[in-house]
Every structure is written in C-alpha cells, then in structure tokens.
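Dear colleague,

I am handing over the structure below, and my notes on it follow. Please read them with the coordinates open.

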Amino acid sequence: MKIHHVACLEDNYAYLIIDESTKEAAAVDPVEPEKVLKAAQEHGVDIKLVLTTHHHWDHAGGNEKIKQLVPGIKVYGGSIDNVKGCTDKVDNGDKISLGADVHILSLHTPCHTKGHISYYVTNKEGDDPAVFTGDTLFIAGCGKFFEGTAEQMHQSLCVTLGSLPKPTRVYCGHEYTVKNLQFALTVEPDNEKIKQKLSWAQKQREADLPTVPSTIEEEMETNPFMRADLPELQERVGCKTAVEALREIRQRKDTWRG
C-alpha cells in the first residue's frame, strides 16, 4: 500500500491510496480531478473509486468532474452528508475493498459536518494503518463545529479516532499544522513535544514539504483537542470535564489571531 499527497487549491490535500499488487487506486477528496488523475498517471495506476470525507465544496467539489473523466467510477460518501456526485452511501462500520490487499473501514466522525466520514485503511502486508480524517482531525487541531456539538467532536476525536492503533498514520484535509501548533502552545506552553513538532513543521514548510502524515500517538501528545481527557489540561483551561475543555479550547481557537 502506497499513499501519495496531491496538493490542491490553496491548502487542501487530496490523496491517492494505491494497492501495489493490482495498481488500483482510490482518490480521497479529489477536488481538482485533473491534477489527481495526472498524479495517478505518473504512478502508473488506475483510479477505481473516490472516498469523500464530507460535503464541503473544497472536498466534494471535484466528484461530478471525475465521474465524467473516469466513466463508471464509484464515489463513496456519508449517507447523511448529501455529498455531491455520490454513487455509494456509507455508514459507520461499512467496508470497502481496493484491489487485492487494501481494506477500507468507514468511521462516522460527525461535528464539522453531520455525516462526516473518516476512512481507516489497512492492508494484508502489515504496513502501519492509515486514517483519512478530512476536516475532523487536523495535525494538532480539529475542524470547526459547523454542524455539531462539542460532545460529538469529543466522541469523534477522543473515542472513535483515539481508539485506533497508536502507529496509525493520520492524513488530514488541510495543511494547517504550523498555525495549529502555535495555538497549541498557548494552551500548553510547557509541552516540549509541541515545541519540537512546531520547529520540525516550520522547517518542512520552509522546504515546501508537507507536515502530513502524523500518527495517532503524536496527536495524543501534541493536539490539545485530543488531550481534552487529561485532568491537567482541563484544569489549565478552567474546566471540569473533557467535553467542556474541548468546547473551551475550540472557542479560544475560533477567536485566536496568532
């Protein structure tokens, strides 16, 4: 299993997930279909399906076009998310196969949108798994609560995604990492792991390289939203529960002008 980034628009990422034995690929959020198809051509693979994380135009906006360019392609999206161009609706726990060896599990991770799906991807070769989190989980951040509540985001981040194996690679929908880590330091100024990762992320961006992927383990060490279960973090933001802390940190982030 190989995964390739395709930078789109201003700061979005689409991805190619490749089953190496069959050279079949899935495209995640191919908002610029021509760019994604060119990348597939360069890697010598055929795109067989699209995985859409949520209905926002900068993720689902290329679906109709890619259906024109690749006749018969399947487009997966959350059953209650009204995804443009969707041919196959998925719910939590639904499984999709890619090629001979790649298995995709749909995880309902609502809040940013009510039908948001994250896709958990494994293969038979025993590579570290990967999860494509759209705009639910960012590196060191999370999406705005456009269609949901702090309770839902807590469930999506700390329960659903937080229970994945720690080495799981995290591929998110946007390159927001540097700003997210700068904000994370305002919540936990003494967190050495955040300082180290910020320094690394700044070097990556200066070299025009992505900061994605992270891992679930790294997020548990550096992402304030995934650390909301920790009593010391709750105390630092003046809250008594994980959900309250998550809500408070999100409100701070919404008004932060770092």
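This is a predicted model: local features need pLDDT of at least 70, side-chain atom pairs count only at pLDDT 80 or more; totals for chains, interfaces and linings use all residues.

Residues are numbered from 1 along each chain as its sequence is written, and side-chain values use heavy atoms, with hydrogens and water left out.

Phe-132, leaving aside neighbours within four places in sequence, is in contact (heavy atoms within 4.5 Å) with residues including Ile-3, Tyr-15, Ile-17, Thr-53 and Tyr-171. Thr-53 itself is found in the loop between S4 and helix H2 (57-60); helices (H or I, at least four residues) and strands (E, at least two) are DSSP runs, numbered from the N terminus. Thr-53 counts as buried because its relative accessibility is 1%, and its side chain makes a polar contact with the side chain of Asp-29 at 2.7 Å. A polar contact is a pair of N or O atoms within 3.5 Å; within protein, one must be able to donate a hydrogen and the other to accept it, and residues adjacent in sequence count only if both atoms are side-chain atoms.

In helix H1 (residues 33-42), the buried residues are Pro-33, Val-36, Ala-39 and Ala-40. Seen down the axis of H1, these fall within an arc of 125 degrees (taken from the directions from the helix axis to the C-beta atoms), so they line one face of the helix. They pack against strands S1 (2-8), S2, S3 (24-28) and S4 (46-51) and against helix H3 (63-69), whereas the face turned away from the buried side carries the exposed residues Lys-38, Gln-41 and Glu-42.

Asp-19, in strand S2 (residues 12-19), is buried yet has no salt bridge, and the nearest side chain of opposite charge, that of Lys-124, is 8.2 Å away. A salt bridge here is a side-chain nitrogen of Lys or Arg within 4 Å of a carboxyl oxygen of Asp or Glu. A polar atom of the Asp-19 side chain does, however, lie 3.3 Å from the backbone nitrogen of Asp-101.

Notes. Buried means under 20% relative accessible area, exposed over 50%, partly exposed in between (1.4 Å probe, protein chains only). Lys and Arg count as positive and Asp and Glu as negative; His and the chain ends are not counted.
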